[in-house]
Amino acid sequence: MPATQQVTAVILAGGEGRRMQGVDKGLLSLWGRPLVMHLLERLNRQVDQVLINANRNPDRYRVYAPIFSDADSLHTVTDFQGPLAGIAAGLQHAAQDWVLFVPCDSPLIPLDLAERLAAAVSHCGQIAVVDDGERVHSATVLLHKSLLSSLQNYLNQGDRKLQIWYAQHELIKVDFSDQRSAFTNINTPEALAELERSAQNRAAN
């Protein structure tokens, strides 16, 4: 099993935020702090190194952790090519052989995320992805760095779908149905407002 100290975590904050009116989601405020800070706080307790994949606002993100853009990967891409482009760049920049990717709009990820995904690939497999019992969270995934060449080839063919590339390799789905709410995604202003209210309601009770 890869020790969690031998895992690099990458926060995927390189999207266009289309459903958020183009706002850079990683910098959205939740409970008085940007989403990226919530993730950093949780990931720093689990892994040795945390990086941020960002295609906008590099100076703002650089305050929190080292950053890179999609275009910093080995293949030639423009920004905003989807999560696989950020994953490819992350595999290139990570110091460790195992890389944990999490989207910037999931601020409640479990504190045992890295440990459980790493345990899943202890005997075989190069990809461990989260399954919350209702759906697979394809962008919350642990990957081995040796997959970089395969991913580069896939992207250079013009393909962008996570699931199709995953299907080319041995994929392990890890059951997180006991922590389904930890993978809440903030995809819309309404979802952000609802999560903000949930904390206020808990405090009131």
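Entry 1: I looked up D112 and found it partly exposed, with a relative accessible area of 23%; I use buried for under 20% relative accessible area, exposed for over 50% and partly exposed for in between (1.4 Å probe, protein chains only). The model is a predicted one, in which local features need pLDDT of at least 70 and side-chain atom pairs count only at pLDDT 80 or more, while totals for chains, interfaces and linings use all residues. Residues are numbered from 1 along each chain as its sequence is written, and side-chain values use heavy atoms, with hydrogens and water left out.

I then noted that D112 forms a salt bridge with R116, the closest N and O atoms being 3.4 Å apart. A salt bridge here is a side-chain nitrogen of Lys or Arg within 4 Å of a carboxyl oxygen of Asp or Glu. By this rule I recorded 6 salt bridges.

**Entry 2: R116 and D178.** R116 is partly exposed as well, at a relative accessible area of 22%. R116 also forms a salt bridge with D178, with the closest N and O atoms 3.1 Å apart. This pair links distant parts of the chain, 62 residues apart: R116 is in helix 4 (residues 113-120), and D178 is in the loop between strand 9 (171-175) and helix 7 (189-204). Helices (H or I, at least four residues) and strands (E, at least two) are DSSP runs, numbered from the N terminus. D178 is exposed, at 55%.

**Entry 3: R180 and E134.** I found a salt bridge between R180 and E134, the closest N and O atoms being 3.4 Å apart. R180 lies in the loop between strand 9 and helix 7, and E134 in the loop between strand 7 (127-131) and strand 8, 46 residues apart. R180 is partly exposed at 34%, whereas E134 is exposed at 64%.

**Entry 4: H137.** I located H137 in strand 8 (residues 136-144). H137 is buried, at 6% relative accessibility. Leaving aside neighbours within four places in sequence, H137 is in contact (heavy atoms within 4.5 Å) with V129, V130, D132, F183 and N185.

**Entry 5: helices 3 and 5.** I checked helix 3 (residues 83-93) against helix 5 (residues 148-156): their axes come within 10 Å and cross at roughly 145°. Axes are lines fitted to C-alpha atoms, for helices over the stretch in contact, with angles from 0 to 180 degrees between N-to-C directions. Among the residues that meet are L84, I87 and L91 in helix 3, and L148, L151 and L155 in helix 5.
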